[in-house]
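Me: Could you take a close look at one part of this structure with me? I would like a connected walk through it, down to the side chains.

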Amino acid sequence: MRFYELTYLISPELNPQELKDFSQKVDSLILKFGKVIKSEQPKKIKLAYPIQKKEEAFLATFEFEAEPEKADNLK
């Protein structure tokens with residue numbers, strides 16, 4: 001098994017429930033292919049430059065272990 005870290009941005013327009021649901025979907029997807037080591041709650045951050053005209057976003061990070069061939073399926 002190899003160690004992986006997945007960091008991604010989520011739209012700031014999601015309400016708290018949608019944000020929680022989205023994070024749980026990612027978590028369950030990772031669990032299909034490996035083992036979650038650490039999962040951080042998404043935090044709202046100010047972006048260094050706008051992305052799709054948005055100045056802020058939620059930043060989420062997952063650390064997990066998976067077999068390399070299975071991790072490719074996450075794409």
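Reply: Happy to, and let's begin at the surface, where Leu9, Tyr49 and Ile51 form a nonpolar patch with about 300 Å² of accessible area together. A patch here joins residues with over 30% relative accessible area and no salt bridge, taking like charges within 9 Å and nonpolar side chains (Val, Leu, Ile, Met, Phe, Trp, Tyr) within 5 Å. The areas come from the Shrake-Rupley method with a 1.4 Å probe, and for residues only the protein chains shown count as cover. Please keep in mind that this is a predicted model, in which local features need pLDDT of at least 70 and side-chain atom pairs count only at pLDDT 80 or more, while totals for chains, interfaces and linings use all residues. Residues are numbered from 1 along each chain as its sequence is written, and side-chain values use heavy atoms, with hydrogens and water left out.

Helices (H or I, at least four residues) and strands (E, at least two) are DSSP runs numbered from the N terminus.

Strands count as paired if DSSP finds at least two bridges between them. The hairpin of E3 and E4 has two residues between the strands, and Gln52 there takes a positive phi near 50°. Strand E4 covers residues 54-66 and also pairs with E1 (residues 2-10), antiparallel over nine bridges. With strand E2 (residues 34-39), E4 makes a further antiparallel pairing over five bridges. Phe58 of E4 is a handy landmark: Ile10 stands opposite Phe58, and Phe58 is also the bridge partner of Lys44. Further along E4, Phe62 is the bridge partner of Ser39.

Side chains of opposite charge can pair when their charged atoms come close. A salt bridge is counted when a side-chain nitrogen of Lys or Arg is within 4 Å of a carboxyl oxygen of Asp or Glu, and the count comes to six by this rule. In one of them, Lys44 meets Glu56 with N and O 3.7 Å apart. This pair links distant parts of the chain, with Glu56 in strand E4 and Lys44 in strand E3, 12 residues apart. Glu56 is partly exposed at 37% relative accessibility, and Lys44 is partly exposed at 45%.

Salt bridges also link Lys38, Glu40 and Lys43 in a network. Within it, the closest N and O atoms of Glu40 and Lys38 are 3.5 Å apart, while Lys43 and Glu40 meet at 3.4 Å, N to O. Each member is partly exposed: Lys38 has a relative accessible area of 39%, Glu40 has 27%, and Lys43 has 48%.

Now for the aromatic rings. A pair of aromatic rings is described by the distance of the centres and the angle of the planes. Rings of Phe, Tyr and Trp (its six-membered ring) pair if their centres lie within 6.5 Å, and planes under 30 degrees apart count as stacked, over 60 as edge-to-face and the rest as tilted. A search of the whole structure finds three such pairs. Tyr4 and Phe64 have ring centres 5.5 Å apart and planes at 20°, so this pair is stacked. It brings together Tyr4 in strand E1 and Phe64 in strand E4, 60 residues apart. Tyr4 is partly exposed at 23% relative accessible area, whereas Phe64 is buried at 5%. For Tyr8 and Phe22, the centres are 6.0 Å apart and the planes at 65°, so the pair is edge-to-face. Tyr8 lies in strand E1 and Phe22 in helix H1 (residues 16-33), so this contact ties together parts 14 residues apart in sequence. Tyr8 counts as buried at 13% relative accessibility, and Phe22 as partly exposed at 36%. Finally, ring pairs link Tyr8 and Phe22 with Phe62 into a cluster, which brings us back to E4, where Phe62 is the bridge partner of Ser39.

Key. Buried means under 20% relative accessible area, exposed over 50%, partly exposed in between (1.4 Å probe, protein chains only).
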